[in-house]
Amino acid sequence: MGLMTFMRTKMGYFLVGGIAVVLALFVLEPLLQQGTAIFGASSRTEVGSIDGEAIKYDQFNAKVEQTSAQFKQQYGGVMNAQMQAMAVDQAWQSEIATVVLGKEFERVGLTVSADELFDLIQGKNPSPLITQYFGNPQTGEFDRAAVISSLKSRNQNPQLAQQWLLLESEIEKQALQQKYTKLISNSVYVSSLEANDEYINRNKLVNFKYVNLDYSSILDANVKLEDADYKAYYEENKKRFDNPQETRDLQYVSFSIQPTAADSAIVKTQVEKLAADFKTTPNDSLFAANNSDVKVPYTYLSKGKLDPAVDSVIFNYPVGSFYGPKFSGNSYKLVKVVDSRFSPDSVKASHILINPAQVGGDAKAVKLADSLKALAQGGSSFADLAKKYSVDGSKDQGGDLGTFARGAMVPEFENAAFDGRTGDIKVVKSQFGIHVIKIEKQVGSSKVVKLAYIEKTLAPSQKTRDVAYKKANAFLSEVKSDNFSALAQKQGYTVGLADRITATQGYAPGLDNPRQLIRDAYEADKGEVLAQVYNMDNAYVVAQVTSIKPKGQLSLEDVKKQIEPQVLNAKKAKMLTEKFDKALSGASNINAVASKVGKTAIPVQNMVFANPIIPGLSQENKVVGAVFGSQVGKLSKAITGERGVYVYVVDGFTNPAPLANTFKQKESMLMNISQRALGSAFQALQEKSDIKDNRVKFY
């Protein structure tokens with residue numbers, strides 16, 4: 001809450017903030033998996049290189065840890081394998097952006113002058129990073145005095161000086177990014193012709209009738225595919241098979257380690273014994289803290305914060321009651337109602353925050369707080385005292401923190417605010433310092449309870465784990481590269497598939513914690529059975545690498561299985577087109593064609609080019625495009641679509657009124673084009689760069 005405390009606790013995320021800016025500016029999400037090569041950096045100290053600049057593991061891992069810490073803060077301390085992989089990816093994309101954009105800024109001559117940097121830090125146009133870290137959380141108002149005070153303090157505080165160096169570096173990067181964004185945006189242009197075309201595409205209407213023959217009308221079994229069919233489709237769609245980075249396909253067998261009936265019986269007996277001891281223990285909170293697998297804060301809780309099975313009943317229990325054992329989800333719950341009361345739903349409060357380090361220690365801080373409390377109780381303006389003595393960003397608003405619910409403040413602050421009464425002034429200590437709190441208003445009233453809470457997870461026994469591991473190990477010792485599926489089927493096991501796995505991926509279909517498996521898969525050859533049994537969260541796994549798809553143009557063999565459904569439809573399209581060609585011969589109208597193929601012509605009203613979805617069917621870009629390029633009343637040829645083959649006739653077009661405001665239309669289009677241009681520019685820069693990605697060796 002205090003400036004120095006805030007700077008110390010938050011400055012670690014400046015680099016993460018810089019990452020976020022780059023990602024937002026260049027729309028990198030769809031590019032996160034692009035532009036990398038798996039092997040290249042042979043050094044054990046480098047996670048890769050970008051245009052010859054080595055990315056050292058120590059420095060890179062520090063950024064990964066910063067991003068991971070931010071994720072934990074956002075998601076309540078939870079960090080799974082997928083989130084860890086996201087943190088690694090985000091840090092890597094930041095490295096790419098820093099190097100690639102840095103070179104581009106230098107190439108085009110972009111710089112940030114000393115005067116510009118001064119203005120961004122303490123001038124009239126502060127950087128968003130400055131306003132973020134030196135602004136009031138409630139009002140967002142920028143505190144320039146706090147910036148100047150902190151800048152003066154850095155001469156006596158080496159740690160603060162280092163933090164300012166990091167901050168200034170990020171501000172400069174952000175300013176350069178904004179200049180480059182402006183440069184790209186100013187390079188795009190929308191002509192009046194383009195604006196008019198876009199307007200017509202979104203407003204011109206067409207009415208037409210169509211007859212379609214769905215691909216599903218031909219059974220797959222009645223279609224014989226030949227090598228020529230695959231080759232024809234591959235050659236026609238070759239551009240679709242450019243692989244941005246190497247991927248691998250796996251097949252695996254899982255050996256479940258879910259709790260058995262015997263495990264459940266053992267855990268139930270243990271929980272019943274625990275319940276008996278819990279009922280008689282003299283120290284409820286300590287007993288719960290020592291025996292629960294899930295820690296629930298020992299504080300007052302409002303309804304809706306607990307497991308539904310507990311939450312639905314516990315608020316009706318009197319103080320001293322015991323509830324459980326109750327099995328819900330995957331755990332047993334045991335609950336003692338320690339206390340209950342009615343408490344405000346929310347509180348409006350103001351505070352004065354005193355930093356003990358600035359006044360000579362805790363004792364002097366408490367003494368000052370007591371003096372301020374006495375002054376406020378004696379009639380002095382609390383707001384004026386806050387402006388003079390508080391070190392928190394809220395001081396300029398007289399210490400006003402606004403209205404907040406339970407869970408928004410640290411426990412010590414929350415208890416003081418919710419347990420008091422309107423008008424009370426209290427002194428409490430928290431991790432941020434010493435607070436003088438004034439309760440301005442309390443809103444609403446609901447029942448809250450303080451609980452001693454134990455949750456015991458139903459977990460498999462060691463015997464269950466041993467049995468599953470023995471089965472997995474036996475399978476691994478017997479399986480060969482050429483009999484994986486056959487042996488699994490023979491022994492009654494289900495084979496799972498995980499396709500297109502990237503080197504840094506943190507998840508895989510059906511696998512709970514696959515990072516080590518994926519790392520080993522990238523050290524293996526095609527067809528190789530991985531040499532160990534992998535311990536997932538709920539199973540042991542034996543896996544085989546079935547395919548390696550290299551970066552670049554994939555061969556027909558690489559994609560043959562993948563494209564089989566499309567090849568099948570292409571073959572069916574030829575068969576259905578032949579059927580339509582016969583129906584079109586001698587037919588003078590759409591109804592005659594429909595009659596010959598045993599269908600009914602279906603009318604479509606008021607379709608626009610920009611929304612090419614045929615009602616009740618699917619998006620048919622090719623068909624709708626052909627419709628808008630046709631003459632009224634002319635029967636079409638057979639058109640191959642996504643879902644089937646079509647014949648149509650246009651009944652008429654309705655043109656919109658002339659475009660009234662060309663400038664506004666251009667402005668709207670320019671905004672969209674500029675956004676795409678930014679992403680395209682970064683992608684082009686990334687594709688031209690020599691990027692070697694060796695993260696799979698480390699994560």
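What follows is a conversation about a predicted model.

Trainee: What makes the protein chain more spread out than a compact globule?
Mentor: First the make-up: the secondary structure comes to 25 helices and 21 strands. The radius of gyration is 33 Å, while the globule rule gives 27 Å for 699 residues; the value is well over the rule, so the chain is more spread out than a compact globule. The C-alpha atoms fill a box of roughly 100 × 70 × 60 Å along the principal axes.

Trainee: What share of the residues counts as buried, and what does that label require?
Mentor: The label requires a relative accessible area under 20%, and 44% of the 699 residues count as buried. As for the surface, the protein chain exposes about 35900 Å², with carbon and sulfur atoms supplying 50% of it.

Trainee: How many charged side chains are there, and how far apart are the centres of the two sets?
Mentor: There are 82 positive and 74 negative side chains, and the two centres lie 3 Å apart.

Trainee: What makes a group of residues a nonpolar core?
Mentor: The members must be buried nonpolar residues joined through side-chain atoms within 4.5 Å. The largest such core has 46 residues, and F60, I130, F134 and W164 touch the most other members. Among the elements giving two or more residues to this core are strand 1 (46-50), helix 3 (57-74), helix 8 (158-185) and helix 25 (662-688). Helix 4 gives the most, with 11 residues. In soluble globular proteins, nonpolar side chains tend to be buried together.

Trainee: Which residues are in contact with I130, leaving aside its neighbours within four places in sequence?
Mentor: I130 is in contact with L120, I121, G135, F142, V147, W164, L167 and I171. Apart from this core lies another one, of 21 residues, including Y215, I218, L576 and A601.

Trainee: Why is R500 called exposed?
Mentor: The cut-off for exposed is over 50%. R500 has 51% relative accessibility, so it counts as exposed. R500 lies in strand 14 (residues 495-501), and its phi is near 55 degrees, a positive value in a residue other than glycine.

Trainee: How do you know that the peptide bond from G324 to P325 is cis?
Mentor: Its omega is near 0 degrees, and the bond is cis. P325 is found in strand 7 (residues 322-328).

Trainee: Why does N283 count as partly exposed?
Mentor: N283 has 36% relative accessibility, so partly exposed is the label. N283 sits in the loop between helix 11 (261-280) and helix 12 (284-291).

How values were computed. Residues are numbered from 1 along each chain as its sequence is written. This is a predicted model: local features need pLDDT of at least 70, side-chain atom pairs count only at pLDDT 80 or more; totals for chains, interfaces and linings use all residues. Side-chain values use heavy atoms; hydrogens and water are left out. Helices (H or I, at least four residues) and strands (E, at least two) are DSSP runs, numbered from the N terminus. The radius of gyration is taken over C-alpha atoms; the globule rule is 2.2 Å times the number of residues to the power 0.38. Buried means under 20% relative accessible area, exposed over 50%, partly exposed in between (1.4 Å probe, protein chains only). Accessible areas come from the Shrake-Rupley method with a 1.4 Å probe; for residues, only the protein chains shown count as cover. Lys and Arg count as positive and Asp and Glu as negative; His and the chain ends are not counted. The place of a charge is taken as NZ of Lys, CZ of Arg, CG of Asp or CD of Glu. Contact means heavy atoms within 4.5 Å.
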